[in-house]
Structures are given as structure tokens and as C-alpha cells.
There are 2 protein chains.
Amino acid sequence: MGSLNDIGVAAGINILSAVGFLLVFAVVRIQPINDRVYFPKWYLKGTRSSPRHIGNVLSKFVNADVSTYLRFLNWMPAALKMPEPELIEHAGLDSAVYVRIYLLGLKIFVPITVLAFSVLVPVNWTSATLGDDEEGLSYDQIDKLSISNLGQGSKRFWVHIGMAYVFTFWTFYVLYHEYKVITTMRLHFLANQNRRPDQFTVLVRNIPADPDETVGEHVEHFFAVNHREHYLSHQVVYNANTLASLVEKKKGLQNWLVYYENQHAKNPEKELIIKTGLWGLWGEKVDALQHYKTTIEELCKQEDEERQKVISDPKAIMPAAFVSFNSQWGAAVCAQTQQTSNPTVWLTEWAPEPRDVYWPNLAIPFVELSVRRLIMAVALFFLTFFFMVPIALVQSVANLDDIERVLPFLKPIIERNGPRSVIQGFLPGIALKIFLIFLPTILMAMSKIEGHVSLSGLERRTASKYFLFIFVNVFLGSVVAGTAFQQLNSFIHQSTNKIPETIGESIPMKATFFITYIMVDGWAGIAAEVLRLKPLIMFHIKNTFLVRTEQDREQAMDPGSLEFGSTEPRIQLYFLLGLVYAVVTPIILPFIIVFFGLAYLVFRHQIINVYNQQYESGAQFWPGVHGRIVTALVISQILLIGLLSTQEAEQSTVALLPLPVLTIWFHYVCKGRFEPAYIKCPLQEAMVKDTLQRANDPMLNLREYLKGAYEHPVFRSGDVYELLAMDEEENPHLVATKRRSRMTTPVDSKFNSSSGTNEGEFSRPRPS
Amino acid sequence: MGSLNDIGVAAGINILSAVGFLLVFAVVRIQPINDRVYFPKWYLKGTRSSPRHIGNVLSKFVNADVSTYLRFLNWMPAALKMPEPELIEHAGLDSAVYVRIYLLGLKIFVPITVLAFSVLVPVNWTSATLGDDEEGLSYDQIDKLSISNLGQGSKRFWVHIGMAYVFTFWTFYVLYHEYKVITTMRLHFLANQNRRPDQFTVLVRNIPADPDETVGEHVEHFFAVNHREHYLSHQVVYNANTLASLVEKKKGLQNWLVYYENQHAKNPEKELIIKTGLWGLWGEKVDALQHYKTTIEELCKQEDEERQKVISDPKAIMPAAFVSFNSQWGAAVCAQTQQTSNPTVWLTEWAPEPRDVYWPNLAIPFVELSVRRLIMAVALFFLTFFFMVPIALVQSVANLDDIERVLPFLKPIIERNGPRSVIQGFLPGIALKIFLIFLPTILMAMSKIEGHVSLSGLERRTASKYFLFIFVNVFLGSVVAGTAFQQLNSFIHQSTNKIPETIGESIPMKATFFITYIMVDGWAGIAAEVLRLKPLIMFHIKNTFLVRTEQDREQAMDPGSLEFGSTEPRIQLYFLLGLVYAVVTPIILPFIIVFFGLAYLVFRHQIINVYNQQYESGAQFWPGVHGRIVTALVISQILLIGLLSTQEAEQSTVALLPLPVLTIWFHYVCKGRFEPAYIKCPLQEAMVKDTLQRANDPMLNLREYLKGAYEHPVFRSGDVYELLAMDEEENPHLVATKRRSRMTTPVDSKFNSSSGTNEGEFSRPRPS
């Protein structure tokens with residue numbers, strides 16, 4: 001495996017590319033033309049508008065102010081400047097807590113690193129077992145700093161065992177404290193929230209069919225009886241998936257129409273001819289403008305028909321409903337209790353925010369749900385374990401010595417120092433990275449099949465699937481498959497159950513690989529993140545071809561979001577690596593700290609200036625984050641036990657056995673202490689909020705306020721303008737004629753009582 | 001291992017002892033003098049009274065009616081005659097469902113046996129691999145009927161795999177159906193119950209300390225605010241453990257006083273002198289009557305002081321309370337919801353029945369509770385796994401061939417046919433049995449330390465601990481340790497992780513052992529159960545020395561109860577054995593069926609005539625029973641996979657892999673479908689009962705009804721007589737001067753609205 005020299009080259013490449021990305025970013029972001037790519041959040045908040053209307057033509061596109069170039073790195077302190085309460089108000093609790101994961105990494109690993117470098121590294125270095133005897137095995141300088149440098153059965157292992165305890169307890173302390181802080185933040189956030197429909201609403205699923213009543217009547221009767229004093233109203237759920245796809249299709253066609261209209265405006269003489277067949281490659285030739293206009297008209301008609309059909313057809317009503325209560329207390333009670341003796345019908349849970357609802361999954365019956373989950377569990381197993389084959393192949397490529405042995409004719413190329421270091425330092429990381437890009441989409445699709453009803457729930461489920469995948473394929477796959485190629489014969493016939501020992505034994509040898517991986521994925525990857533290459537290109541394409549008005553430009557912005565499901569498990573890999581290597585090869589720790597620091601900086605900048613979350617779950621993901629770090633801790637302990645049991649230090653392995661037991665116990669203590677705050681709604685808090693709100697706003701017509709809040713989004717689109725006008729007097733800071741973007745920030749949420757009732761308040765279109 | 005001959009002898013011994021027990025029982029039970037030992041339940045119900053007052057002196061003690069001796073076995077059909085609804089009313093749902101576990105065993109195993117004997121046994125028998133070649137291994141006829149008779153890699157294994165699927169699906173069907181039936185029974189039972197205090201009451205624990213308010217005021221304020229429309233009253237919990245021990249001590253001394261008074265009455269001249277020291281062996285000599293009278297008087301004073309102290313001292317109030325609501329709906333809501341943002345305080349759960357409360361555990365704080373559970377989990381681990389050493393020693397004794405090898409001088413004794421068969425057939429079972437007698441008490445103590453608050457919960461927890469113990473020590477211990485002694489060298493250095501294979505391989509060899517175990521524990525043990533030797537002896541001792549009046553005699557009765565915690569896991573062992581051996585050695589199945597049939601008969605008789613449950617949990621234990629059978633099923637499947645993978649039938653093991661996955665999935669489906677009915681109280685049902693009760697009894701003063709219901713039992717004892725007299729007019733069927741036994745049946749529960757307010761209604765003693 002790689003030597004210090006290889007790592008040096010890899011570090012050089014990665015530091016250069018990271019610095020390169022950051023430099024490009026520093027220059028690109030201050031160009032006015034890119035303003036909407038790098039500061040979309042402020043546009044959405046309405047506090048920033050296009051800089052184009054000031055200065056001359058050139059200054060609309062290029063920043064000519066030299067002084068700004070000199071301060072090109074000032075985004076970094078700026079990102080840190082915003083205090084946390086303001087950050088929560090600006091970007092929402094989800095985002096603010098998300099960046100705290102990186103901070104948590106720093107809190108855990110900085111003290112561990114200091115301790116490891118002052119205790120473990122000297123102990124390892126002075127052992128000097130390796131290096132003196134060259135038995136054909138390839139050890140390098142990195143190994144001399146690692147636990148491998150201790151001889152078999154050395155007494156010095158007790159130092160490592162002691163440190164394992166210290167590190168574990170420190171991690172406990174930080175995790176517990178962080179869980180506490182974040183729970184407090186969540187409760188504080190929920191308590192300070194303004195009135196929102198989801199606080200009064202419960203999602204009811206699996207409503208049993210009734211021969212005599214419609215779903216709506218059945219719901220009304222059931223809740224009027226069983227929640228007599230609290231039931232207010234309900235909203236049935238329509239199966240509007242066809243309608244939604246029609247609306248989506250129309251939107252795409254409208255984009256093309258705009259494009260051709262723009263072309264026509266620029267060059268009125270030129271006839272715009274397109275072919276109607278597949279991808280415009282063949283088929284009948286028609287005039288583009290005419291074609292799109294007629295197609296859109298047809299679609300509009302279809303859409304109207306479908307809309308009428310959905311509203312009037314009783315079969316389009318799904319056995320699910322959003323039931324609203326006249327107090328948060330009533331809703332909290334209904335969400336937490338069982339309604340009937342059959343626990344598979346009348347299932348109640350807190351309604352997600354209206355924008356967080358994943359509509360297609362609302363109508364899955366109980367038995368189908370369990371079958372789906374079984375199938376997805378089996379599918380996840382196969383995806384996780386049979387994806388390893390290609391990874392193993394790629395990993396093996398990374399070991400040039402093996403390639404040389406197998407393909408001797410490549411020797412001249414490989415022996416040259418330049419390519420050798422490049423390949424060895426860069427390839428393994430990049431190969432893994434490419435594999436991982438395609439994965440979140442598949443996993444998200446699997447979560448959707450599993451039938452979760454909110455986008456936030458889908459993301460959380462995807463995250464736990466992805467973590468499993470990363471653990472098995474990136475971590476175990478790299479450790480075992482790489483080693484397997486080296487020790488093929490001695491390995492393949494080994495008992496499959498000795499895995500902890502085998503992995504533990506291979507762990508120190510893979511330190512170099514993971515260091516390069518951290519540099520590629522962690523350093524350069526994060527620096528690339530801040531540059532936002534894809535949104536930058538997409539924005540300019542759209543800007544050139546589609547944008548005619550300021551509103552269009554707003555539509556062309558793609559602020560993106562954090563994508564918790566795919567980013568969080570990748571952070572978890574760093575926690576896992578840090579915890580596993582803290583005792584074994586502490587040299588890896590500074591690389592991880594640099595990653596956490598850089599990522600904290602970048603993501604804090606991104607959530608302030610760029611990302612716009614689709615929903616606000618109030619940090620509901622934290623129990624998952626906490627659970628995965630605890631899992632990583634248990635894994636690190638088991639692997640350490642496995643490693644030590646191969647070092648003729650059996651008596652010391654016994655000393656480590658209490659660690660996983662304590663860790664699992666710690667998990668249950670934290671779970672009992674904090675998790676309910678993320679699942680249930682305490683009645684005391686609900687009562688306090690009810691009392692406060694009644695005192696503040698005694699005349700509020702809650703029924704009117706909640707009406708239409710949980711309308712399927714496709715029913716809303718047509719009515720936005722008129723309703724905005726209607727609500728105008730209640731929305732002093734809203735311009736009635738301006739269609740505000742739907743991608744509002746959490747604070748500026750559509751259902752925010754501070755702005756009274758605004759565009760969320762669409763009355764449901766009734767059949768005329 | 002034992003041959004068919006050994007089994008024959010063992011069967012003979014056990015059948016003889018079983019028949020012997022049954023014959024003795026048949027004779028003893030019809031003697032009038034034993035009437036209260038064998039029919040205590042009917043005495044407690046008040047439908048049977050002492051037969052002594054009719055006929056001559058002899059007939060008071062001995063049954064001289066010859067005809068009854070001829071019909072001595074008629075208790076068997078009588079036990080089956082009572083229809084189930086009547087049984088539920090007579091003995092409570094817990095007992096009625098408990099005997100259904102045996103019925104479930106019959107339902108699962110009778111069809112499996114028929115199928116196994118018509119398909120698997122012929123397939124095994126006709127293979128004839130064993131027996132032809134004698135390679136020094138000792139096979140016997142039993143093995144020829146088992147899977148061992150198939151050769152390595154035989155195609156016939158596919159038959160066994162197919163049968164494994166059939167058996168699994170049949171078990172699924174029966175389990176699912178049974179879960180459904182019992183859930184329906186439970187809901188029906190709860191719906192038809194009369195009004196009871198626990199329906200309106202919630203147990204609140206971990207009430208946070210308040211500097212300005214007492215616990216009582218704090219509770220009152222909290223619930224008056226947060227359950228404004230539903231809160232009715234509360235009852236704080238006193239730490240009356242000292243008082244309870246004083247009361248207990250007084251009771252013991254009173255027994256001695258009665259004993260000496262009786263002695264004195266019989267022989268007034270004789271002076272009754274006792275010594276006051278330890279166990280009456282030394283110390284000052286005093287007059288017994290005088291001594292006990294003064295001691296009891298002193299104790300009464302102490303008791304009164306302690307009683308006053310407990311009531312007046314605020315420190316004696318524990319941070320727990322029973323909070324009552326004005327409707328079942330209100331109580332159901334409070335029990336199922338979280339009260340505050342800190343989930344470790346104000347913990348609410350359904351109050352157990354007053355007689356089911358385990359008082360000492362009501363005041364354990366949250367953190368202490370988690371520490372206790374951790375310690376108990378570790379303790380259980382050590383108890384379970386280090387108890388194996390003695391078991392292994394005893395097991396090894398059972399293998400006489402080994403003993404002969406080790407101790408050749410015993411050869412002449414062992415070689416004789418008689419002792420050999422006796423030892424081989426009888427010893428292993430009896431040795432295990434003795435080990436197991438002491439265990440439930442230890443496990444119950446561990447459950448108490450864990451801090452469960454109801455007796456029923458303690459029994460359920462004990463059952464799951466005991467099942468783990470039985471599985472590891474009786475099942476695995478017998479399979480592995482026995483084999484370990486035979487194959488010591490080849491075994492001890494084997495990788496510890498190949499356990500499934502090793503156990504699977506040993507399974508067929510241990511069939512004989514388990515057959516004898518079933519006969520000793522199952523057949524003879526159950527027959528001994530019906531004889532009730534210990535209560536019989538104890539009753540006659542008490543009857544001779546303590547009984548003066550009819551009431552005393554009632555006190556001397558010990559009806560006992562089912563003791564779910566120690567009996568249920570033992571049934572589970574039979575499920576485990578049946579499922580494991582169904583495919584491997586079907587010859588064991590008829591023995592299990594005989595056990596289930598006999599036990600069903602005996603326990604049905606016992607719950608009708610003898611046992612008097614201490615509490616009624618409404619079959620809350622069923623999810624545990626179901627879960628353990630599913631666990632046994634998974635274990636049987638894994639062991640079958642292990643067994644087949646050693647038979648060079650690897651491709652067929654792959655075919656078995658879906659089975660455990662399906663079983664675990666089945667478990668989750670059942671859990672989701674049925675388990676909430678055992679944990680939560682559906683609001684619809686609560687609302688229906690509220691409405692009905694309001695209609696039936698609109699004038700009921702619920703506050704008066706609930707007052708004192710959750711008084712600590714020691715506060716009640718003194719006031720029984722006066723209060724009974726007070727309530728007399730409301731209790732037409734109660735004789736005011738007769739102190740009714742506290743050990744009432746569930747139907748005749750103290751808090752039964754059909755009998756209005758009776759002796760449960762003690763007003764709490766207030767400090768004067």
C-alpha cells in the first residue's frame with residue numbers, strides 16, 4: 001500500500017484542486033451575472049434584487065471593481081458571522097442543525113486528535129518493531145505511527161485499550177450534550193413557531209370502506225363521535241396523480257413555447273420548423289410556435305376534464321384524510337392515540353407540513369405496506385451485498401504492485417514515478433465516488449416504494465439505507481476486498497465467521513487508502529460543492545433561452561437543498577473512519593478534522609446564501625444522526641477487539657468487551673431521554689400554545705384558516721392570482737400582482753400566521 | 001446414546017409414575033378432608049362449603065361411598081365440559097387464555113405429526129444408510145427414523161426442505177389465527193367488564209420535585225391545566241414499605257399466638273414455655289401466650305406510629321401518583337400521550353388493577369431505572385452463560401459409555417441391564433429438573449430490581465428471562481455439552497462461530513435424551529402437578545394447629561396461581577423441541593402431543609377447581625407467548641440450515657434461507673396487526689363505554705367511587721370490618737360480619753360495579 005510519498009502527491013493534487021475550486025469560486029461568485037446562482041436564497045427572501053439595473057452594460061455581467069477581488073476570501077468569515085438564532089430564522093432549523101453535524105465532528109475529533117498525538121503516536125513510534133525486520137511484507141512510514149508497530153502481545157496495548165475507553169467516554173459526553181442542545185433547540189423552535197396548519201392537523205390513513213357513506217362522511221362521523229369536543233373539519237385526499245403528470249407535462253411544453261417565442265422575437269423572419277417525432281429527429285414538419293400553442297391548448301382541455309373527473313368521481317377519493325382540530329391539544333391527542341381496536345385502520349399521525357407531503361403514498365393499505373417493506377428489505381440486502389463485486393474490481397486496480405504482477409507488460413508505465421503516484425493516490429477515491437453518485441436516486445425510489453408519506457421521512461429512510469450501503473461497500477468493501485486481492489489464497493477458504501478479526505487485522509493496512517479517499521471526497525469534493533458547477537451551467541442555459549421577465553429569471557434559479565438523504569451518510573463515513581482509526585492509526589485524524597472544518601465553513605455559507613429547503617421538519621433527523629454515530633462507535637469497538645485478538649493480546653480483548661455493551665446502553669438511555677421529543681407532541685406544550693393563541697387572537701376563524709391548506713398542489717396552481725388579490729389587504733408586504741415563488745423559505749412559510757392568511761389559503765375548486 | 005430399549009424402560013417408568021400420581025389424585029381428591037385442597041376456587045366463590053356438617057364423624061374425613069371410587073376418573077371429562085365463555089367468567093381471561101397455549105400446541109403439532117409420519121418417516125426409513133455400515137459410531141433404531149439415515153448429499157433432502165416450508169406455513173396460519181382469536185377475546189372481555197377503578201386511572205411516575213408545592217398539589221395543578229376537561233382526582237403514593245413489613249411481622253406472630261391458644265385449649269394444665277432467642281433454641285424462658293400477646297401489642301403500637309408518620313411526613317410521599325379521570329376517554333388519552341417536553345418526567349401509563357400493583361417499585365427515577373436495567377442485563381448474561389458449567393457436568397454423567405471409559409471399575413454395575421436403563425432413562429431429566437426449580441425465584445427478583453410496577457409485568461418479564469435461560473441451558477446446553485464430552489478434542493478448538501452447524505449436526509443425536517426429558521418433565525411432572533403435594537401437606541399442618549373457625553380454615557387454604565413467569569417458558573421448550581425435531585426426528589412428536597394433551601386436561605381442571613389468580617391482566621401476556629413461539633421457529637430453521645450445510649447439501653441450504661426472513665417478517669406483520677390491542681386503549685372503545693355507562697348510571701358519583709381505590713394495601717387492613725358494615729345495604733349478598741377473603745376471583749373483583757361499592761371502598765385514613 002501507498003507510502004508517505006504517495007500520500008504527499010495525493011495531498012498535493014487534492015490541495016491544489018481544492019484551492020483551485022475555491023479560487024474559481026471566489027472570482028465567479030462576485031460576477032453580477034452569476035449573482036442568482038450564488039445568492040438565490042436572498043432573492044427568494046426578497047432582500048436582494050438583480051444588480052443589472054445599476055451601472056453600465058458591462059458591469060451587468062462582469063465585476064470590474066478591483067477591490068472586491070482583493071477581498072475574494074471574505075465569504076469565509078462572513079459565513080461564520082451570522083449567529084445561530086439568526087441562522088435558524090434565516091434558513092430554518094433543519095439547515096442550522098445540519099451544519100452542527102460538522103461542528104459535532106470537530107467537537108469529537110479535535111480533543112481525540114490532541115490526545116492521540118500526545119499519547120498514542122509516541123507509544124507507537126518508539127516501539128519500532130516494523131522496519132527493522134523486512135520479511136517481504138511491505139510496511140511504510142505510516143504504519144510505524146500505527147498500532148501495527150507494536151509487536152505481538154506487547155504490553156503497550158494497554159495504552160491503546162485505555163485510550164479506547166477515554167475516546168468512547170468523550171464521544172458519549174459530546175453526543176449526549178449535543179442531543180440535549182438540539183432537543184432544546186427543537187422544542188424552542190416549535191414553541192416559537194407561528195400558527196401553521198400542520199399544528200392542528202392529523203393525517204388519517206387506512207380509513208375503512210363503508211357501504212353507506214362516502215369517505216368524507218365516514219371521517220366526519222367517526223371523529224365527531226370519538227373526538228367530540230375537538231374535531232373541526234377534514235380534507236379528503238384525491239388521487240390526482242394523473243392530473244399532476246398532465247400539469248407537469250404542460251409546464252415542459254410551455255418552456256419550449258417560451259424558447260421558440262424568444263427565438264422568434266430575436267429573428268422574426270426565420271421560420272421555426274420542428275419535427276413532431278421522437279426527440280425532434282423525424283416525423284412531420286410543423287411550425288414550432290403553432291405546434292406548441294395547439295398542444296398546450298389541448299393539454300389544458302384534458303387537464304380541465306381530469307380535474308372535473310377527480311373531483312366528481314368517488315373512486316378518485318383515497319381512503320386517507322387530513323383531519324383538523326380546534327386546538328393543538330386535540331390534534332396532539334389524536335395523533336398519539338389509537339383510534340379503534342383494529343390497529344390497521346384509522347391510523348393517525350401528525351400531518352407533515354403541506355409542502356412536505358408526499359402525495360402518491362397516502363393510500364397504501366396496511367398489508368400491502370408490509371409486503372412492500374419486506375420486498376424492499378430483501379432488495380436492499382441484494383443491492384448492498386452484490387454491489388460489492390464491481391467495487392472489489394476497482395479497488396484491486398488501485399494496487400499497482402498486483403497489476404504489475406498480473407500484467408507485466410505495463411511495468412514500464414507503472415514504474416515511472418509520476419503516473420504511479422497519480423494512479424495510486426487518485427484512482428481509488430475517484431472510482432468509489434463515481435459509484436456513489438448514482439446511488440441516492442435508487443435508494444430514494446426504494447424509500448418511496450416503502451410508502452412513507454412525507455418528503456422528510458423519505459429522506460431520513462434513504463439516509464439510513466445509504467449509510468448501510470456506505471458501511472458495507474465503501475468501508476468494509478475497501479478494507480476486505482483490497483486485502484482479499486493481496487492474500488487471496490489464505491483468505492478465500494477462511495471461515496466466513498471470523499470477519500471481525502480479519503477486518504480488524506486489515507484495518508491498519510488500509511489507512512493510506514482512506515487518507516487519499518478523505519482528500520478526494522472530503523477536501524476537493526467539498527470545495528467543488530461550493531462552486532455549484534451544475535446549477536451555474538443550468539442557470540446560464542435557461543437565462544439565455546427562456547428568460548424574458550424578472551419572474552422567469554426567478555424561476556430559472558435552482559437554489560437546491562441540502563439533500564439530507566445523500567449527504568448525511570457521507571458525513572457518517574468520516575465519523576466511522578475517525579472512530580475506527582482513532583486508536584489504530586491516529587495519523588488519519590488531522591485529515592478528518594480538516595474535512596469537518598472545511599465542510600462546516602462551506603455548508604454554513606451554502607445554507608445562508610444558496611440552499612432553500614423544501615420542507616422544515618424541525619431537526620427530526622437528529623435521532624438518526626445520533627444513532628448512526630453510535631453504530632459507528634460500536635463498529636469501531638468490535639473491530640478493535642478483532643484486531644487485538646489477532647495480536648496475541650487476548651486478555652486485553654476481554655478488557656474491551658464492556659465497551660460495546662456500554663455503548664448500546666448509552667444509546668438506549670439517549671433514546672429514552674430525548675427521542676420522544678422528535679416523535680410525540682407533549683400535551684403541556686400544546687396546551688400552552690393553545691392558551692397563548694387564544695389570548696392573542698380570540699376572533700380567529702380556524703376553520704376558515706385551515707380550509708384548503710391540505711389541498712393537493714395541482715388543485716392550487718390555477719387559482720393563485722385571484723386568491724392573492726383577494727388576500728391582498730392581509731398581506732401588506734406582498735405585491736398582489738407579483739407571483740411569488742413557491743420555493744419560500746421556512747420562515748416565510750406559506751402558512752405563517754404572522755403574515756395572516758396568504759397564498760396558502762386557496763379554496764378548493766368545487767365542481768360547478 | 002440411548003437405544004429404543006432405554007426409551008422403552010424410561011417410558012415405562014414415567015408412564016407408571018404418571019398413572020400412579022393420577023390414581024392417588026383420584027382417590028385423595030374425593031376425601032372430604034382434602035376438599036379445600038382440591039376445590040379451593042369454589043370455596044372462594046362461595047358456592048361450596050365444608051362437607052363436614054353432614055353425616056357421621058368418619059364421613060367427615062374419609063369418603064365411604066364406594067360408587068365415587070368407581071367413577072374416579074370422571075374429573076377428566078368434567079374438566080373439559082365447562083364451555084369457554086363460562087370458563088372466562090369463572091376463572092378470568094388470563095387463565096382461560098393460558099390453557100389455550102396447550103391447545104395451540106395440539107393445533108400446531110397434530111397435523112405436523114400426521115404429515116411427518118406419512119411423508120418423512122417413510123423417506124428416512126427407506127434410505128437405510130445407517131446400520132449397514134458400522135464405523136464405530138453408535139447409531140440406534142431411533143436414528144434410522146431420523147434425517148441422519150439419509151446419506152451425505154442425498155437428493156431426498158429436498159423432501160425435508162419442502163416439509164420445512166409446509167410446517168412453517170402451517171405454524172404461521174395457526175399462530176395468526178390464534179392471535180386473532182385471542183385479541184378478539186381480549187377486546188370482548190374488556191368491553192364487557194364492569195366498571196373498575198383502573199379503567200379511569202392512570203399511573204403517573206417521575207413527578208418532578210417542586211420547591212413550592214407538595215407532590216399532591218403539583219399533580220393536581222398539572223393535570224387540572226393540561227387535562228382540563230377530564231381530570232377528576234388523584235391519589236399520591238406513600239412509601240409504606242416499613243409499615244407493610246410491620247404488618248407482615250404481626251401476622252406471623254398472630255399465627256403463633258393462635259397455635260399456642262389452641263394448645264392451651266386442648267390441654268389447659270400444661271404450661272407453655274418458650275425461649276425468646278433465635279429459633280426458640282435459647283434465651284430467656286417465658287410463658288408463650290403472655291409473650292406473644294405483649295409482643296403483638298407492642299407491634300400494634302409501632303404500627304400505629306408508623307402509620308401516622310407515613311401519612312404526616314411529606315418525605316414519605318413518593319414522586320408517583322394515581323390520577324383518575326372523569327371518563328375512560330380522558331384516561332385513555334392521558335395514558336397514551338406524552339405530557340411534557342422532557343420525556344423522563346410525568347411518565348403516564350395505564351394503572352394496573354389495584355391488586356396488581358407492585359408498590360415498592362413505584363418511585364424509581366428514570367436514570368436509576370436505566371442503570372438497573374443495564375446491570376440486570378449483564379447479570380442475566382452471566383447467569384445464563386455461566387450456569388452452563390454444572391449442567392454440562394450433569395449431562396456428561398448421563399452418558400454411561402463415557403463413564404465406563406473414565407471409571408472402568410464401575411463397569412460391572414453399569415453393564416447390568418436394570419440400573420443401566422434406569423440411570424440412562426431417568427437421570428438426565430431429573431438432574432435438569434432440579435436445577436430449574438430454584439431459578440424462577442432468582443429471575444423474579446431480577447425483574448423486581450428492573451423496576452416494573454405491576455405483578456403481571458413482573459411475571460411477563462420473568463417469563464422472557466426464563467425462556468432465554470431454558471433455551472441456552474436446557475436446549476443448547478444439552479445439545480452441545482453432551483456432544484462436547486464425546487467429541488472433546490475435535491470440538492474445543494473449533495471456531496466458536498460455527499455454532500449453528502455444530503448444533504445442527506448434534507441435534508439428531510440428542511433426540512433420545514429429549515424424549516426422556518419430555519416424559520419426566522412433561523408426563524410425570526404434569527401428573528404430579530394435579531396432586532398438589534405441597535399445598536396438601538401445608539393445609540393439613542395448618543388445619544391441625546391453627547384452625548379454630550371456618551374463617552381460619554378459609555385462610556389456611558392456599559389455592560395458588562398459575563405462576564405464568566415460571567410455567568409458560570417451560571411450555572415454550574416443548575414448542576421449541578417440536579419445531580426443531582419436526583423435520584429432523586419426527587419420532588419425538590407423539591411424545592410432545594401426549595404432553596400437550598395431558599397438560600391441557602390437567603390445567604383446565606386446575607384453573608376450574610384450584611387456582612385463584614392474583615390479578616387479571618386480560619391476556620396481556622399473549623404477545624410474549626406468540627413472540628417466543630416465533631423465536632423457536634426461527635431457531636429451528638437456522639439449526640436446520642446448519643444441519644443441512646454439514647450434509648453436503650449446500651445448494652439445498654440456500655433454498656431454506658428465505659424461511660427465517662419470512663418468519664421474521666411474519667412476526668412484524670402480527671406485531672403491527674395485533675400488538676397495539678395489548679398495549680394501548682382505543683379511543684373508540686373508551687368512548688362507547690363512557691356513553692353506555694353514562695346512560696346506565698347517570699347519577700354515579702365517580703369521585704366517591706374511585707376514592708381510596710389505589711390506597712396502599714396496608715392502609716386498608718384495619719378498616720375492613722367497619723367499612724363492610726357501612727356498605728352493607730349496598731351489598732345484599734355480603735354478610736356484614738363475615739370477613740370475606742381478599743383472594744377473590746377476578747369476576748368477583750373488589751371493584752365491581754355490579755356489587756356497587758363494597759369493601760374496596762375504604763376511605764383513606766387521614767391524620768386526625
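View 1. Asn206(B) is partly exposed, because 19 other C-beta atoms lie within 10 Å (buried means 20 or more other C-beta atoms within 10 Å of the residue's own, exposed 12 or fewer, and partly exposed in between, with C-beta atoms placed from the backbone). The model is predicted: local features need pLDDT of at least 70, side-chain atom pairs count only at pLDDT 80 or more, and totals for chains, interfaces and linings use all residues. Residues are numbered from 1 along each chain as its sequence is written, while chains are lettered from A and ligands numbered from 1 in the order in which they are written. Asn206(B) sits in the loop between strand E1 (201-205) and helix H11 (215-226) of chain B (helices are DSSP runs of H or I with at least four residues, strands are runs of E with at least two, and both are numbered from the N terminus). Although Asn206(B) is not a glycine, its phi is positive, about 55 degrees.

**View 2. Ala619(A) in a loop of chain A.** The loop between helix H28 (589-609) and helix H29 (622-645) of chain A holds Ala619(A). Its phi is near 60 degrees, a positive value in a residue other than glycine. Ala619(A) counts as buried because it has 25 C-beta neighbours inside 10 Å.

**View 3. Helices H29 and H31 of chain B.** The axes of H29(B) (residues 622-645) and H31(B) (residues 658-674) come within 9 Å and cross at roughly 170 degrees (axes are lines fitted to C-alpha atoms, for helices over the stretch in contact, and angles run from 0 to 180 degrees between N-to-C directions). The two helices are therefore roughly antiparallel (angles over 145 degrees). On H29(B) the contact includes His626(B), Gly627(B) and Val630(B), and on H31(B) it includes Leu659(B), Pro660(B) and Thr663(B) (residues are in contact if their C-beta atoms, placed from the backbone, lie within 7 Å). By class, this contact has eight nonpolar, five polar and no charged residues (Ala, Val, Leu, Ile, Met, Phe, Trp, Tyr, Cys and Pro count as nonpolar, Asp, Glu, Lys and Arg as charged, and the others, Gly among them, as polar).

**View 4. The buried face of H31(B).** Leu659(B), Phe666(B), Val669(B), Cys670(B) and Phe674(B) are the buried residues of H31(B). Seen down the helix axis, they fall within an arc of 100 degrees, so they line one face of H31(B) (the arc is that of the directions from the helix axis to the C-beta atoms). The 17 residues of H31(B) should span 24 Å at 1.5 Å a residue, and the end C-alpha atoms are 24 Å apart, which agrees (the expected span is 1.5 Å times one less than the number of residues).

**View 5. The side of chain A that touches chain B.** Here 34 residues of chain A are in contact with 34 residues of chain B. Elements giving two or more residues to this side of chain A include helix H11 (215-226), helix H15 (366-386) and helix H31 (658-674). H31(A) gives the most, with six residues. By class, this side of chain A has 16 nonpolar, 13 polar and five charged residues.

**View 6. Glu306(A) in helix H13 of chain A.** Glu306(A) lies in H13(A) (residues 288-312). With 19 C-beta neighbours inside 10 Å, Glu306(A) counts as partly exposed. Leaving aside neighbours within four places in sequence, Glu306(A) is in contact with Thr242(A), Leu243(A) and Leu246(A).

How values were computed. Parallel < 35°, antiparallel > 145°, perpendicular 65-115°, else oblique. Contact = placed C-beta atoms within 7 Å.
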